[in-house]
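Thank you for passing this model on for comment.

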Amino acid sequence: MAPTTTSEKGEIPLRSRIFADLTPLRASPDYRRLWCGNTISWMGQQMTALAVSLQVYALTHSTFSVGLVGLCALVPLVVFGLYGGAIADTVDRRILGLYSAAGATAMSLVLAVAALAGFHRVWLLYGVVAVQAVCFAMNSPARSSMIPRLLPAEQLPAANALNSLTSNLGLMCGPMLGGVIVGLWGYQTAYLIDVVAFSGSLYAMWRLPSMRPDQEEGPRRRASVLDGLRFLATRPNLRMTFFTDLAAMVLAQPRALFPAVAVLWFAGDAKTVGLLVAAPAVGAVLGGLFSGWLGGIRRHGLAILLAVASWGAAVACFGLSRQLWLGLFFLAVAGCADTVSMVFRSTMLQAATPDAMRGRLQGVFIVVVAGGPRLGDFLAGSVADLTSPATAVIGGGVACVLVVTVLGLARRGFARYDAREPRA
């Protein structure tokens with residue numbers, strides 16, 4: 001039977017250049033298990049996140065108390081993200097991933113047992129969320145650092161597109177499933193499903209070979225967070241991946257203004273807010289589904305600059321729209337652009353970083369991804385209070401485009417970055 005991945009002339013068929021490239025899943029059984037396990041467990045984590053928020057509100061009837069759930073997760077992510085990366089550069093990453101996934105599983109089991117026993121305490125929920133965030137901060141750098149060891153460099157964009165699909169599908173579908181399950185069978189059922197879902201991640205980690213960091217550059221020693229930051233300070237292309245992401249997430253993050261603009265611009269209600277929140281996720285999922293063409297791009301730095309500028313432009317256009325369908329369209333475009341940016345930023349971080357430093361750079365990545373949008377929420381809310389929501393959204397989008405343009409002009413080598421010769 002003729003092969004399905006290439007044509008007789010050796011060309012990639014049209015469907016593979018349009019839809020998500022599944023080559024990493026076919027080529028590497030280890031990556032396939034890791035991706036499937038992470039997809040299942042991530043969906044369960046998002047179900048649990050919603051269930052915890054619903055339970056906190058049911059116990060306190062306070063939106064402030066619900067907001068503290070996010071803070072309990074954010075602080076450990078920022079604090080332990082860097083140290084999790086340093087640990088991932090010291091020990092067997094497979095063992096670290098296995099233990100941290102087991103810790104997160106145990107925390108979901110604690111939630112389930114407490115709910116079944118009728119032990120409803122807000123402090124317990126806060127504490128479990130914080131410990132789960134610590135486990136994630138340890139697990140994510142280890143897992144991300146493994147991917148370049150499992151796949152050749154030319155398959156990294158496709159792998160990162162698949163990872164983005166997992167992340168965005170979980171963010172979009174996990175809370176919906178969690179809400180249905182909690183409504184039908186209670187909090188304990190959502191937590192128990194999460195425990196079972198974690199088995200996919202545990203199994204994938206268990207089947208991996210040893211993943212000790214490459215220490216060919218010198219004798220094995222304790223990895224230092226400061227060494228990782230010093231390394232980043234000498235790698236302008238890698239620094240640019242973080243600067244461009246911060247430009248998008250801090251300057252042009254309209255999420256905190258959705259409740260206000262739903263009423264002021266679209267005369268809507270809570271359902272309208274839900275549509276606004278979902279639109280970027282829908283665009284991001286579509287970006288992942290139709291990501292096959294990304295594998296043919298070699299100028300990753302230029303692609304990042306264009307994608308982040310497109311995010312800012314789409315957000316500014318959203319600020320100008322006063323018809324709901326048009327606003328949702330621009331938010332979906334922004335979400336799609338964010339997926340493209342994320343794919344190439346992750347690929348550069350993996351390909352241009354020595355294996356001995358990958359964990360620490362992934363730790364910095366976690367801090368930026370976790371902290372950037374929160375700073376963006378604060379900035380957007382502050383500017384909107386001082387001026388107006390329209391000024392905050394339009395101004396933020398325009399500022400993002402301008403800052404990215406200045407960054408690109410200041411570091412012209414970033415736009416010339418070629419994936420065939422990755423240089424940090």
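This is a predicted model: local features need pLDDT of at least 70, side-chain atom pairs count only at pLDDT 80 or more; totals for chains, interfaces and linings use all residues.

1. Residues are numbered from 1 along each chain as its sequence is written, and side-chain values use heavy atoms, with hydrogens and water left out.

2. Helices here are DSSP runs of H or I with at least four residues, numbered from the N terminus. For helix H10, residues 236-251, the 16 residues should span 22 Å at 1.5 Å a residue, and the end C-alpha atoms are 21 Å apart, which agrees; the expected span is 1.5 Å times one less than the number of residues.

3. Among the buried residues of H10 are Asn237, Leu238, Met240, Phe242, Asp245 and Val250, where buried means under 20% relative accessible area, exposed over 50% and partly exposed in between, with a 1.4 Å probe and protein chains only. The elements that cover the buried residues of H10 include helix H9 (225-233), helix H13 (300-320) and helix H14 (324-351), contact being heavy atoms within 4.5 Å.

4. Helix H12 (residues 270-289) packs against H14 at an angle of about 40 degrees, with the axes 6 Å apart; axes are lines fitted to C-alpha atoms over the stretch in contact, and angles run from 0 to 180 degrees between N-to-C directions. H12 and H14 are therefore oblique to each other, since angles under 35 degrees count as roughly parallel, over 145 as roughly antiparallel, 65 to 115 as roughly perpendicular and the rest as oblique. By class, the contact of H12 with H14 has 10 nonpolar, 6 polar and no charged residues, with Ala, Val, Leu, Ile, Met, Phe, Trp, Tyr, Cys and Pro counted as nonpolar, Asp, Glu, Lys and Arg as charged, and the others, Gly among them, as polar.

5. H7 and H14 pack at an angle of about 130 degrees, with their axes 9 Å apart, and that makes H7 oblique to H14. The contact of H7 with H14 has, by class, 6 nonpolar, 7 polar and no charged residues.

6. Gly178 lies in helix H7 (residues 156-185) and, at 0% relative accessibility, counts as buried. Not counting residues up to four places away in sequence, Gly178 touches Met47 and Leu50.

Conventions:
Helices (H or I, at least four residues) and strands (E, at least two) are DSSP runs, numbered from the N terminus.
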